[in-house]
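Q: I have a new model open and would like to go through a few spots in it. Can we start with one residue?

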Amino acid sequence: MTVHTVVVAAFDGVRLLDVSAPLEVFATAGSGYEVVVCSPDGRDVRTSAGLRIGAELAVAAVTRADTLIVPGAVDVERCVAVAPVVADLAARSGRVASVCTGAFALGAAGLLAGRRATTHWEHAAELARRFPAVEVCPDAIHVRDGEVWSSAGVTAGIDLCLALVEEDRGPEAARAVARDLVVFLQRPGGQSQFSAASRTPPTAHPVVRPLLDAVAADPAADHSAPVLARRAGVSARHLARLFREQTGATPAGYVERVRVEAARMLLEGGASVTGAAARSGLGSDETLRRAFARHFGVTPSAYLARFRTTAVDASYS
């Protein structure tokens, strides 16, 4: 098996989980990955949590990276400050991926111009403001545009790296890592892509997979069956058959599932019912309420009442 080198670019103030989550995914994936942590000068870095991370190399000593992972920081200015380092490493890398606010480093390095990207929902508007040439997808867990990948906040680095493992070794390998890390049972927050995608059987079908990725990246876009069929270059009837075979759902059913997940994440992030309905693509409050009832068996307000407490129901004790 060819060794795939993953370089994680750490720096002072980096978020600990932005670094450790990718390390854990690739370590769990097993042999075939060589993971290296570098820092601008080769010295250890102190994370935002106060824990020191040992760097194995200085940036200048990195000869080649098959995958470059750029983590984020609580203070986005720290990410912007390391942009020259990231640009230097990217020139010696195959694919480049950011975790959370690491997207600001990619943006400042000029790696996102003309591309789609995402970041932590709280910083999505700022990313769009600073880098107007970037098409920001605020509700996606991760976005791929060519060989540049980006992901949402903190633990979304796990989802991102699982997608990278899937690209390298296939869906079953990625699912094996996910089972080992126990990440698909219930996600405590996040953005729109995760839950619907994780419940969808893995598929690499050349017609269906790009459509699934497009729906997950921008749930509110026009994903009607005729539009999806035109995009795929097939008839609506043929597309419906392919979706049934590959996902177990109709195109409309899958789109609704993703939109409901998007609305759920928006509500958890503080959006109003009206705002969540509009931004997720569901349209109206009533449509959102009906969709919530179908998928979760509760109204949006009842769901939020449950979400906002960590108390264990006494009936389970």
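Q: Where is threonine 101 placed?
A: Threonine 101 is in the loop between β7 (93-98) and α4 (102-108). Helices (H or I, at least four residues) and strands (E, at least two) are DSSP runs, numbered from the N terminus. This is a predicted model, where local features need pLDDT of at least 70 and side-chain atom pairs count only at pLDDT 80 or more, while totals for chains, interfaces and linings use all residues. Residues are numbered from 1 along each chain as its sequence is written, and side-chain values use heavy atoms, with hydrogens and water left out.

Q: Is threonine 101 buried or exposed?
A: Threonine 101 is buried, at a relative accessible area of 1% (buried is under 20%, exposed over 50%, partly exposed in between, with a 1.4 Å probe and protein chains only).

Q: And what does threonine 101 touch?
A: Leaving out residues up to four places away in sequence, threonine 101 touches Gly72, Ala73, Val76, Cys79, Thr119 and His123 (contact means heavy atoms within 4.5 Å). A polar atom of its side chain lies 2.7 Å from the backbone oxygen of alanine 73.

Q: Now alanine 105: which helix does it lie in?
A: Alanine 105 lies in α4. Alanine 105 is buried, with a relative accessible area of 0%.

Q: What does alanine 105 touch?
A: Not counting residues up to four places away in sequence, alanine 105 touches Val70, Cys79, Val82, Ala83 and Val86.

Technical notes
Polar contact = N/O pair within 3.5 Å; in protein donor to acceptor, adjacent residues only side chain to side chain.
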